[in-house]
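Morning, everyone. Let me put the model up.

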Amino acid sequence: RILGHEGEKALKRAEEQLANNSRGGGSYVLHGSQTYPSGLIRCGDAPQLLFYKGKLPAEGARMVSVVGTRKASDYGKKATEQLIRALRPYDPVIVSGLAYGIDIHAHRIALSLGMRTMAVLGSGLGNIYPDVHLKEADAMQEKGAVVSEYFHYESPQPAHFPKRNRIVAGLSAATVVVEAGIKGGAWITASLANDYGREVYAVPGP
């Protein structure tokens, strides 16, 4: 259908996107290949193509998503640290969305403890958002990864983030909500994780 509708133009654009990704230091993995994250394979709406920088977790790796509000309280930050420290002996990959608040705090705690962590972006790998978290995005690539389903220079768009949350939920066997309002990304991620039949936990609080 692609060739019939747009012919060689479609293939040329695809080649350009792969070249952009490669020049930017990225790699990619196709749905169904051996290195495609096993958690996502079981999700009917998983991306067909996943771009990444760093190291994707091996088959059987323990993965836990930690999500929450952008306006994290001191209690929420402390609870996040206690949780990740308690998980450390089990060598999990801590998954989150690189956003302000609980997300970036989870990434930072994992990095400070020498743990693997993975960020799922709502933009392309060549357009890290928010850019103030670029240092963390670079640091996590040594043991973990930054992943995205968007083309390399794709800018962040409001619609990208709810869509991104299905990857955060699908990658992990469990999702932990630290702090969240009734609406927002953490609520969406928890709902998706529940729909996927994964474990969903919440830190006790107001």
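The salt-bridge count here comes to 4. Keep in mind that this is a predicted model.

Start in helix H4, residues 74–87. Arg 85 bridges to Glu 81, with the closest N and O atoms 3.1 Å apart. The two sit 4 residues apart in that helix, so about one helical turn separates them. Arg 85 is partly exposed, at 45% relative accessibility. Glu 81 is also partly exposed, at 29%.

Next, Glu 136 and Arg 108. Their side chains meet in a salt bridge, 2.8 Å from N to O. Glu 136 is in helix H6 (134–139) and Arg 108 is in helix H5 (102–112), so the pair ties together parts 28 residues apart in sequence. Glu 136 counts as buried, at 8%. Arg 108 is partly exposed, at 40%.

Third, Arg 166 with Glu 149. Here the closest N and O atoms are 2.7 Å apart. Arg 166 belongs to helix H7, while Glu 149 lies in the loop between strand S6 (145–148) and H7. That links distant parts of the chain, 17 residues apart. Arg 166 is buried at 9%, and Glu 149 is buried at 16%.

Now, which side chain of opposite charge is nearest to Arg 164? Asp 103, at 5.1 Å. The salt-bridge cut-off is 4 Å. Arg 164 is buried, yet has no salt bridge. This arginine lies in helix H7, residues 160–171. What does its side chain have, then? A polar atom of the Arg 164 side chain lies 2.9 Å from the backbone oxygen of Val 120. Arg 164 also touches Gly 97, Leu 121 and Gly 122, among others.

How values were computed. Residues are numbered from 1 along each chain as its sequence is written. This is a predicted model: local features need pLDDT of at least 70, side-chain atom pairs count only at pLDDT 80 or more; totals for chains, interfaces and linings use all residues. Side-chain values use heavy atoms; hydrogens and water are left out. Buried means under 20% relative accessible area, exposed over 50%, partly exposed in between (1.4 Å probe, protein chains only). Lys and Arg count as positive and Asp and Glu as negative; His and the chain ends are not counted. A polar contact is a pair of N or O atoms within 3.5 Å; within protein, one must be able to donate a hydrogen and the other to accept it, and residues adjacent in sequence count only if both atoms are side-chain atoms. Contact means heavy atoms within 4.5 Å. Lists of a residue's contacts leave out its neighbours within four places in sequence.
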